[in-house]
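Subject: Structure handover

Hello,

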Amino acid sequence: MMKIQKKLSSALSPVFIFIALLLVLSLFPACQKTLAPEAELVIIGKIFTGLDSRPFVEALAASEGKILATGNQKEIKKYLGPKTRILKLDKGLAIPGLIDAHTHFSSGGRSLVELSFRGVDSVEKVQAMIAEKIKELPPGTPVFGREYDHTLFPGQKWPSKEDLDQVAPDNPVVIRRVDGHSCWVNSLALKLSGIDRKTKDPFGGEIVRDPRTGEPTGILKESAMGLIKVRPVQQSTPEEDILRALEHARQLGLTGVHADVGMRELEIYQKLRSQGKLTLRVYAWLPIQGIDEYIKRGLRQGQGDEYLKIGFLKAFIDGTLGSGTALMFEPFADDPSKSGLPQYPEETFYELLEKAYANDFQVGVHAIGDKGVNWVLNAVERARQKYGPKDLRFRIEHAQIIKPEDFPRFKQLGVIASMQPTHCTTDMRFCEIRVGKERSKYAYAWRTLLDHGAILAFGSDWPVEPLDPRRGLYSAITRKNIEFDYPEEGWFADQKLTLAEAIKYFTWGSAYASFEENLKGTLEPGKLADLTIFEKDLFNLEAKEILSTPVIYTILGGKIVYERQEK
């Protein structure tokens, strides 16, 4: 028996050795030779990841729309293959794809072909432009324009209907102010709309009147603009507007926008998505007035895919500083008879936001004045007390002036401050005139919000401001007016941000505001390969140079959707 066992063990020993070897190898994967997946795209150069742990790397590999790896060139070398496209940045800089958290995207696309008065600094220049436009039109054709700013006119005086009548007695003229919250019309537009001294102000609106005669002056604010019955001659379709906006945005390095849509526009975005024509990701917000219809149809925040999602419900509680309609606790310094125009009765507003909260909708509320901001925070607090805490990430769009005691409530209530840095550097020209220096200390207060633990999301409010995110980055780090390059140290300079912070809130902050911080906003393995690449390293430039540094690549899901051509 002993002999049989010895012969058996001798015969099986090579088999046992082989099996043992396999077991050892299985316990030590590093001993096995594995092939790294081949990258479709590799970027080599200075790459800002947005991560505190490793803010800069020198290489990134991407495949199938996602980031495979980041690191040094040696670490990324294994992902190179015969089909890999390599982008060498030379002196450039790659950052996470820029996301604009507040746009009126199709309206912005339309603005690119409409008569614009942006930056025009006198009534006389407006008149000359209108007179030229009328020469191109059939007799009596309505003239529509946009983006005039009376605070650029001498003395910051509001214009009048008579100013337009001088050059357009036979054409109705309607010009929206740059903030979109008031308009300037001529006498014929008022007549055709049935607006006269007997017309009552609608709730939330104002027909500005001559204090002596009671006659309309030609300025209509907020909901009073809805009284205008004159309609523009259509220059383009909504789909053409969106396509035009997409072309503009990809040249500026944007890989995502949060945009207002109606149901018709949502269908257009869905169509473009199915056709592969979306060159950025869209977080589409809907007007809150349709909440009952959305509930009935089963629409919810987050429905969609990585390219197109249903976003928040948009509400308005006030107007703007420029139009003198922001809702304030104290009267305006330059017009003590007014303190803004609420767009809802207070209790009605609270009930509306409570309904959205109860039905698990995220809400973004336009609130600019300190009282408007306060009402939004109150509404969230009441809803939380009734229904308990929820991660709905309500947003205050603009949040321009805040009472000191309301700063900590953003973190306490989980409310995001969705802000636009260029509003600060535009409005600084008249903010102190409108609300005084003391209240201006708490205006566009990015640093104070961050110090109190709030989360910011940055955007442009295009077409109220230009879409160009470089203007937003510059404004955030300098707090200087772009056109006039003042004040030298920045307006309330203690609120300035670093460039890394400014980029963070145009990327990670915007992603967080759409519940997508695990998908995008930083450059790390597993996240979407969305990048914006500049010709120069923004971190090594004078601030002013940022404004003119071109985007050379816009990359969406590892695909180049824009490549700058050498001129």
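A residue is called buried here when its relative accessible area is under 20%. By that cut-off, both Lys-309 and Glu-516 are buried in this predicted model. Their side chains form a salt bridge, 3.0 Å from N to O. Lys-309 sits in strand E14 (residues 308-316), while Glu-516 belongs to the loop between helix H18 (508-513) and strand E19 (531-534), so the bridge ties together parts that are 207 residues apart in sequence.

A second salt bridge joins Glu-347 and Arg-382 at 2.7 Å, N to O. Glu-347 is in helix H10 (residues 346-358) and Arg-382 in helix H11 (residues 370-387), so this pair connects parts 35 residues apart in sequence. Glu-347 is partly exposed at 38% relative accessibility, and Arg-382 is partly exposed at 31%.

Glu-114 also pairs with Arg-110, with 3.8 Å between the closest N and O atoms. Glu-114 is partly exposed, at 23% relative accessible area, as is Arg-110, at 30%. Both belong to a network of salt bridges that links Arg-110, Glu-114, Arg-118, Arg-146, Glu-147, Asp-241 and Arg-244. The search of the whole structure gave 47 salt bridges.

On helix packing: the axes of H7 (residues 238-251) and H8 (residues 263-274) come within 10 Å and cross at roughly 55 degrees, so the two helices are oblique to each other. Their crossing is right-handed. H7 contributes Pro-238, Glu-239, Ile-242, Leu-243 and Leu-246 to the contact, and H8 contributes Ile-268, Tyr-269, Lys-271 and Leu-272. By class, that contact has seven nonpolar residues, two charged and no polar ones.

Regards

How values were computed
Residues are numbered from 1 along each chain as its sequence is written. This is a predicted model: local features need pLDDT of at least 70, side-chain atom pairs count only at pLDDT 80 or more; totals for chains, interfaces and linings use all residues. Side-chain values use heavy atoms; hydrogens and water are left out. Axes are lines fitted to C-alpha atoms, for helices over the stretch in contact, and angles run from 0 to 180 degrees between N-to-C directions. Helices (H or I, at least four residues) and strands (E, at least two) are DSSP runs, numbered from the N terminus. Angles under 35 degrees count as roughly parallel, over 145 as roughly antiparallel, 65 to 115 as roughly perpendicular and the rest as oblique. A crossing is left-handed if the near helix is turned anticlockwise from the far one by less than a right angle, and right-handed if clockwise. Contact means heavy atoms within 4.5 Å. Ala, Val, Leu, Ile, Met, Phe, Trp, Tyr, Cys and Pro count as nonpolar, Asp, Glu, Lys and Arg as charged, and the others, Gly among them, as polar. A salt bridge is a side-chain nitrogen of Lys or Arg within 4 Å of a carboxyl oxygen of Asp or Glu. Buried means under 20% relative accessible area, exposed over 50%, partly exposed in between (1.4 Å probe, protein chains only).
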